[in-house]
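Please read it alongside the sequence and the coordinates.

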Amino acid sequence: MDFNLDENQQMYFDMVTKFVKNEISPFVLEWDKEHLFPWQTIKKAWELGILNLSIPESVKGYEVDVVSTTMIIRELSYGDTGISTSAMCNDLANTVIAQHGTDEQKEMFLKPFATKPILASFCLTEPNAGSDNSAMTTFIQKLDNGNYILNGAKCFITNASYASQFTVFCKVGKPSSQLMACVIVPAPHLLPEDLQGPITTSREIILPTGGKIILGKPEDKLGQRLSNTASVTLEDVIIEPHQIIGDRRRGFQYVIDVLDYARPMVAAIGVGLARRAFDVTVAYTRERKQFGQRICDLPVARNTLVQMWKKLELSELALMRAAVKVQDREEDRGIYASLAKNVGSEAALYCANEGLHLHGGYGFITEYEISKLVRDAHIIDIYEGVREVQDMIIGREIV
Ligand SMILES: Cc1cc2nc3c(=O)[nH]c(=O)nc-3n(C[C@H](O)[C@H](O)[C@H](O)COP(=O)(O)OP(=O)(O)OC[C@H]3O[C@@H](n4cnc5c(N)ncnc54)[C@H](O)[C@@H]3O)c2cc1C
């Protein structure tokens with residue numbers, strides 16, 4: 001494993017760090033207070049070419065390798081993990097098409113992302129099917145004319161209010177079926193310039209091909225307030241056969257494939273946040289003096305910084321290992337993706353919590369970024385599989 005950045009990676013690194021420094025960091029606390037969805041900033045990221053990284057070159061995408069992708073997401077997360085979650089979500093939704101779609105499906109469902117700054121949603125979770133996604137009840141049923149009809153309700157869906165395309169996992173035939181399919185539901189394209197202001201209410205999309213999508217009111221969240229999260233209800237949505245990705249009985253395998261790809265990305269979100277928490281805490285403890293010394297020179301406080309640094313560096317190693325395994329499609333990539341996800345979220349939580357502690361009372365005041373980082377860190381341990389689910393995967397693999 002080579003830890004040095006190649007020329008292309010260095011170019012991405014420089015570009016993203018400059019973008020974060022100039023376009024994100026100065027504004028995040030204000031945006032967080034307003035619970036704003038910074039779509040214009042995401043649009044700028046699209047213009048820079050740091051969105052839609054998994055889209056194949058054959059349809060004018062960047063087809064960025066997994067190691068570089070995790071590095072880009074890590075650096076974006078150093079600025080804000082809500083923004084990186086939203087940006088990463090396009091790849092989460094689209095990678096199944098890149099992996100299992102036909103050339104025609106890639107042209108139809110992926111190319112628009114290369115030509116317009118539109119957003120996608122990945123719709124797996126349901127109110128009664130979270131960690132156990134096999135309990136989902138959203139389903140497609142075949143009609144006499146060869147089309148299908150899709151009904152069901154998804155919750156906690158990133159980008160939903162602003163999405164122009166929905167990747168939906170659903171049962172086949174009936175809600176209790178053992179078979180799962182993956183269908184793509186394109187909607188009329190929504191661009192930042194189409195809106196007067198942020199979306200704050202629920203909305204309905206009447207689909208030209210039949211049926212409707214109801215997007216719930218954006219969730220009011222503890223953290224990652226710069227990402228958008230809403231429910232997605234699918235009512236009598238007509239699905240034509242070309243909207244089904246791959247084999248309509250292999251959806252469970254496709255979910256695993258997507259999550260193997262996406263878990264290192266969530267790990268990268270954790271590592272980016274952990275690094276930010278570490279840096280703001282080191283800076284603070286260098287300035288603040290108590291007992292006649294800088295906080296960072298008080299031995300016990302110094303030891304807390306050491307523990308934070310160790311967690312951060314180890315999470316970075318786990319991330320690199322997983323990214324290389326996923327990149328090379330090695331057979332044991334799943335266990336390393338789960339390891340990186342757990343270690344990355346643990347580093348984020350640890351560095352944010354201990355960082356807040358080292359800020360003392362100031363850490364509890366919202367004008368200090370560390371308070372936001374603590375709120376943002378919690379979801380990293382939950383979405384794309386809670387810690388216990390990753391442990392289940394690791395446990396299954398090692399025995
Ligand atoms: C901000 C945000 C964005 C999200 N974005 C998306 C998205 O874009 N698309 C999408 O499909 N979903 C998304 N999700 C959903 C997310 O992936 C789920 O919340 C997550 O998988 C957990 O499911 P759950 O909330 O139903 O918790 P549950 O499954 O009910 O779990 C609750 C708790 O029970 C325990 N538990 C669960 N299973 C086990 C087990 N096997 N062993 C031991 N303990 C266990 C854990 O402590 C767990 O935290 C998002 C969620 C949030 C909050």
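A residue is taken to be near a molecule if its C-beta atom, placed from the backbone, lies within 6 Å of it. The model is a predicted one, and in it 22 residues surround the ligand, the closest being L124, T125, G130, S131 and T158. The elements that give two or more residues to this shell are β1, β3 (148-158) and α12 (387-398). By class, the shell around the ligand holds twelve nonpolar, seven polar and three charged residues.

| Domain | Residues |
|---|---|
| domain 1 | 7-112 |
| domain 2 | 119-247 |
| domain 3 | 252-398 |

Which domains supply at least three residues each to the shell around the ligand? Both domain 2 (119-247) and domain 3 (252-398) do.

The centres of domain 1 and domain 3, taken over C-alpha atoms, are separated by 20 Å, and the contact between these two domains takes 23 residues from domain 1 and 24 residues from domain 3. On the side of domain 1 that touches domain 3, at least two residues are supplied by each of α2 (28-34), α4 (66-79) and α5 (81-100). The residues on that side of domain 1 comprise nine nonpolar, ten polar and four charged ones.

Strand β1, which contributes to the shell around the ligand, spans residues 119-123 and is mostly covered, with five of its five residues buried. Is one face of β1 covered, or are both? Both are: L119, S121 and C123 are buried on one side, while A120 and F122 are buried on the other. Strand β1 runs parallel to strand β4 (residues 163-172), to which five bridges join it, and within β4 the bridge partner of L119 is A163.

In soluble globular proteins, nonpolar side chains tend to be buried together. In the present model, the largest nonpolar core has 115 residues, of which V183, A322, C351 and A352 touch the most other members. Helix α8 (residues 251-287) provides the largest share of this core, namely 17 residues. For A322, one of the residues that touch the most other members of the core, the contacts beyond its neighbours within four places in sequence are P264, A267, Y336, A337, L339 and A340.

How values were computed. Residues numbered from 1 in each chain as written. Predicted model: local features only at pLDDT ≥ 70, side-chain atom pairs only at ≥ 80, totals over all residues. Buried ≥ 20, exposed ≤ 12 C-beta atoms within 10 Å, placed from the backbone. Helix = DSSP H or I, 4+ residues; strand = E, 2+ residues; numbered from the N terminus. Pairing = 2+ DSSP bridges. Domains from an automatic or database assignment. Contact = placed C-beta atoms within 7 Å. Nonpolar A, V, L, I, M, F, W, Y, C, P; charged D, E, K, R; others polar. Core = buried A, V, L, I, M, F, W, Y, C linked by C-beta atoms within 7 Å.
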